[in-house]
Amino acid sequence: MSVGQSAVSALDAGGFDAAPLEELLEKYRGQRGTLIPLLQGTQAAYGYVPREAMVRVAEELGEPLSQVFGVATFYAQFRLVPRGKNVIRVCHGTACHVSGAPLVSQEVERNLGIRDGENTPDMMFTLESVACLGACGMAPVMMINDRTYGKLTPDKAVGAVKEFRAAQEVGAPVAEAVVNDAEEGA
Ligand code: FES
């Protein structure tokens, strides 16, 4: 722990909560081939891979920071920026694409004032285009966190986002997933 303590102090001084990362480092200490598991664990703990964590992982593994950064940027699974409090995933799989997903995304982007992959300034939402969500029978589909919204039109999608935001702002539970004219998914 002594090697890491100075680094931990420095990171803490910068506002980075190093405790979850230190637990991970402890778990994998002495093992080989742990870079990917460490990055995965970091993302699970923080929601993304903070730069401070990459610095600490590089130090722990005795690797250049460029190596750690290179791996983190190579794999699409790693996010290097924080996510918003809620994640909106608009499906762009084939069934959703041909059913109007591009227009759904366009309208949600316009409403939120952000583009695909970005966070709203208040960090309420992150918007992501994703591949098949496994509910092709309800295409086009989007999810807000773990809630699925199907048979969307652009207006319905924006309405769902607005309803979700309103519920969040008053602390009310969000209504069950909107599955218009429900047809079970594929
Ligand atoms: S293509 Fe969108 S849910 Fe399958």
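**View 1. Strands β1 and β2 pair in parallel in this predicted model.** Strand β1 covers residues 86–91. 6 bridges join β1 to β2, and β2 spans residues 125–130. Across this pairing, Arg89 stands opposite Glu128 in β2.

**View 2. Four strands make up an open sheet.** The strand order is β2-β1-β3-β4. Pairing within the sheet is mixed. The edges are β2 (125–130) and β4 (147–149). Each of these edge strands pairs on one side only. From one strand to the next, the twist averages 20°.

**View 3. Helix α7 packs on the sheet.** Helix α7 is formed by residues 101–112.

**View 4. Ala131 lies in the loop between β2 and β3.** Ala131 is exposed because 11 other C-beta atoms lie within 10 Å, and the cut-off for exposed is 12 or fewer. Neighbours within four places in sequence aside, Ala131 is in contact with His92 and Gly93. Ala131 and Gly93 are 38 residues apart in sequence. In space, C-alpha to C-alpha, Ala131 and Gly93 are 4.7 Å apart.

Notes: Residues are numbered from 1 along each chain as its sequence is written. This is a predicted model: local features need pLDDT of at least 70, side-chain atom pairs count only at pLDDT 80 or more; totals for chains, interfaces and linings use all residues. Two strands pair if DSSP finds at least two bridges between them. Helices (H or I, at least four residues) and strands (E, at least two) are DSSP runs, numbered from the N terminus. Axes are lines fitted to C-alpha atoms, for helices over the stretch in contact, and angles run from 0 to 180 degrees between N-to-C directions. Two residues are in contact if their C-beta atoms, placed from the backbone, lie within 7 Å. A residue is buried if 20 or more other C-beta atoms lie within 10 Å of its own, exposed if 12 or fewer, and partly exposed in between; C-beta atoms are placed from the backbone.
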